[in-house]
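Welcome, and thanks for opening the viewer.

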Amino acid sequence: MEELVEKLSRLLGEMKDWERRPIVKAGSVVVELVKLPRRELKKGVEPEKLALHIRLEDSFKGILVEDSRELEDLIEAVSHEKVREVAKAVEEVNRKRRVVEFGL
């Protein structure tokens, strides 16, 4: 773990703002390491930092995860049985709407 922390600390110093480095691809989901730039807030300055960027491979937009608690919450939410049931139902609804027939 210490070795990984050292490597990530080095990367934080080497990467440009918003630069992304792929970590893993599972199906159509990509998880990347991204460097978030320094931000000036009303109550002070938030330094540059690293985050995980979880996105679909054909999309630029995704979810930024800044700590392990957020990741665990995300995993729990998308693993919930109700979410799986709704996802399957959404897929079924969308499948019925994919084919559009035109008259000749």
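Which side chain meets that of Arg 39 in a salt bridge? Select Glu 46: its side chain and that of Arg 39 form the bridge, at 3.3 Å from N to O. A salt bridge here is a side-chain nitrogen of Lys or Arg within 4 Å of a carboxyl oxygen of Asp or Glu.

Before moving on, a word on what you are looking at. This is a predicted model, in which local features need pLDDT of at least 70 and side-chain atom pairs count only at pLDDT 80 or more, while totals for chains, interfaces and linings use all residues. Residues are numbered from 1 along each chain as its sequence is written, and side-chain values use heavy atoms, with hydrogens and water left out.

**Stop 1: the salt bridges**

Together with Glu 46, they are linked in a network of salt bridges. Arg 39 has a relative accessible area of 44%, so it is partly exposed (buried means under 20% relative accessible area, exposed over 50%, partly exposed in between, with a 1.4 Å probe and protein chains only).

Next, pick Glu 57 and Lys 25, whose side chains form a salt bridge at 3.1 Å, N to O. This pair links distant parts of the chain: Glu 57 sits in the loop between S5 and S6, Lys 25 in strand S1, and they are 32 residues apart. Helices (H or I, at least four residues) and strands (E, at least two) are DSSP runs, numbered from the N terminus. Glu 57 is partly exposed because its relative accessibility is 43%.

Now try Asp 67 and Arg 69, another salt bridge, at 3.7 Å from N to O. Asp 67 is partly exposed at 32%, whereas Arg 69 counts as exposed at 52%. In total, the model has 13 salt bridges by this rule.

**Stop 2: the sheet**

Switch to a cartoon view and colour the strands. Four of them form an open sheet in the order S1-S2-S5-S6, with antiparallel pairing (two strands pair if DSSP finds at least two bridges between them). S1 and S6 are the edge strands, each pairing on one side only. Neighbouring strands of the sheet are turned by 25 degrees against each other on average, direction ignored.

Zoom in on S5 (residues 49-56) and S6 (residues 62-65), which pair in the antiparallel sense over four bridges. They make a hairpin with five residues between them. Select Leu 52 and you will find Val 65 of S6 opposite; likewise, Ile 54 stands opposite Ile 63 in S6.

Then select residues 68-79, helix H2, which packs on the sheet, touching S5 and S6, with its direction at about 140 degrees to that of S6. Contact means heavy atoms within 4.5 Å; axes are lines fitted to C-alpha atoms, for helices over the stretch in contact, and angles run from 0 to 180 degrees between N-to-C directions.

**Stop 3: Trp 18**

Go to the loop between H1 and strand S1 (20-26), where Trp 18 is found. Most residues other than glycine have a negative phi. Trp 18, though not a glycine, has a positive phi of about 70 degrees. Its relative accessible area is 52%, so Trp 18 is exposed.

**Stop 4: the start of the chain**

Finally, select Val 5, which lies in helix H1 (residues 2-14) and is partly exposed at 45% relative accessibility.
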